[in-house]
Amino acid sequence: MKATRIIQRILDEIRASDSICVVGHVRPDGDCIGSQLGLAIALRNQGKKVACWNQDPMPRKLAFLDTDHLLTPPKNNSHFDCVVATDCASFERLGTAGKSIADRRIFINIDHHQSNTRYADVNWIAARAPSTGELIYRLLACANWAITPEIADCLFTAVSTDTGSFQYPTTRPATYYVGGKLVEKGANLAKVCNEVYQSYPLSRVRLMQHMFNKFRLAHNDQIAYFWLRKADYARTGARRDDSEGLIDHIRAIESVSVACVFEEVEPELTRISLRSKTDKVDVNEIAKQFGGGGHKAAAGARIAGKPLSIQRQVLNAIKKALNSAH
């Protein structure tokens with residue numbers, strides 16, 4: 001695979017570095033974890049001193065990828081020759097890891113979010129790529145570094161989860177090629193599919209039950225939304241990462257064009273997640289109105305204020321976008 005100028009620049013910086021830290025965004029998903037671990041393992045195999053940091057714990061369904069427990073919380077007073085952020089659209093989304101990587105020689109940002117703020121010294125932002133995992137595959141292929149079965153599992157999980165198991169419209173012919181190459185390199189499809197898609201803790205099922213009981217429809221059933229409050233997690237015994245993907249169930253309702261989850265972070269801080277299944281509504285643009293961002297079909301934001309006021313503002317923004325689409 002031929003290296004572009006930006007890939008070559010990144011590889012030059014990595015090769016010139018001895019100690020490297022790989023960081024990812026808060027509330028990590030499959031693309032974030034798979035990209036972080038896939039790159040970290042590859043760097044370790046090249047003889048680098050590697051740290052792999054995330055503010056938040058490993059999601060239970062992804063723990064099978066990290067048998068060596070590489071992913072750890074950030075540590076203070078650390079120096080790195082190079083820091084690589086994967087799948088993180090803004091510096092703020094690194095959370096506490098952002099403060100812990102200040103002492104560094106070079107900072108690299110590899111991401112596929114359209115809303116990326118290009119916060120690093122070297123920024124490889126490929127907004128047309130459906131996952132960061134695909135970018136990490138390209139990086140390793142251009143470097144001619146071995147992609148072991150362990151790395152292949154990580155990157156296949158990254159690509160698969162961020163494309164809805166190769167179903168989202170962002171999936172490109174190159175994505176299937178990368179998926180095929182990763183299987184060729186030893187990705188264990190049966191294990192990945194079982195762990196990621198077919199094995200859930202009972203607490204997640206209880207959270208799903210809450211969602212189906214409490215979701216609401218609006219705007220002629222074109223909008224579906226529900227709330228997740230701290231009390232809901234406490235009552236069901238669920239963890240925050242158990243809510244990953246719940247929004248897709250209400251998005252799948254035939255009449256629904258846009259789905260939204262409102263999640264209580266603090267009494268007056270709400271996290272919103274948005275999903276669109278129509279090309280005519282860009283939820284990235286909606287999220288940007290509230291200081292967030294993401295992709296055209298999937299975006300989010302954190303909003304300060306009274307919960308009901310936030311709900312009203314967000315639903316009004318979605319309604320306006322739907323009306324403009326028609």
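Tyrosine 225 and phenylalanine 262 are both buried in this predicted model. Their rings form an edge-to-face aromatic pair, with 6.1 Å from centre to centre and 90° between the planes. Because tyrosine 225 belongs to strand S8 and phenylalanine 262 to strand S9, the pair ties together parts that are 37 residues apart in sequence.

Those two strands also pair with each other: S8 (residues 223-228) and S9 (residues 258-266) run in the parallel sense over 6 bridges. Isoleucine 223, for instance, has valine 258 in S9 as its bridge partner.

Let's step back to the sheet itself. S8 and S9 are part of an open sheet of 6 strands with mixed pairing, in the order S7-S8-S9-S10-S12-S11. At its edges are strand S7 (216-218) and strand S11 (293-294), each pairing on one side only. Helix H8 (residues 202-214) lies across S7 and S8, at about 130° to S8.

Now for the other rings. The count of aromatic pairs comes to 8, and two of them are set side by side here.

| Pair | Centre to centre | Between the planes | Geometry |
|---|---|---|---|
| Phenylalanine 156 and phenylalanine 166 | 5.7 Å | 45° | tilted |
| Tyrosine 225 and phenylalanine 262 | 6.1 Å | 90° | edge-to-face |

Phenylalanine 156 sits in helix H5 (residues 149-162), while phenylalanine 166 is in the loop between H5 and helix H6 (173-184), 10 residues apart. Phenylalanine 156 counts as buried because its relative accessibility is 7%, and phenylalanine 166 counts as buried at 17%.

Elsewhere, Phe91, Phe107 and Tyr119 form one aromatic cluster. The ring of tyrosine 200 has the charged end of arginine 204 over it, 4.2 Å from the ring centre.

Key. Residues are numbered from 1 along each chain as its sequence is written. This is a predicted model: local features need pLDDT of at least 70, side-chain atom pairs count only at pLDDT 80 or more; totals for chains, interfaces and linings use all residues. Side-chain values use heavy atoms; hydrogens and water are left out. Two strands pair if DSSP finds at least two bridges between them. Helices (H or I, at least four residues) and strands (E, at least two) are DSSP runs, numbered from the N terminus. Contact means heavy atoms within 4.5 Å. Axes are lines fitted to C-alpha atoms, for helices over the stretch in contact, and angles run from 0 to 180 degrees between N-to-C directions. Rings of Phe, Tyr and Trp (its six-membered ring) pair if their centres lie within 6.5 Å; planes under 30 degrees apart count as stacked, over 60 as edge-to-face and the rest as tilted. Buried means under 20% relative accessible area, exposed over 50%, partly exposed in between (1.4 Å probe, protein chains only). A charge sits over a ring if NZ of Lys or CZ of Arg is within 6 Å of the ring centre and within 35 degrees of the ring normal.
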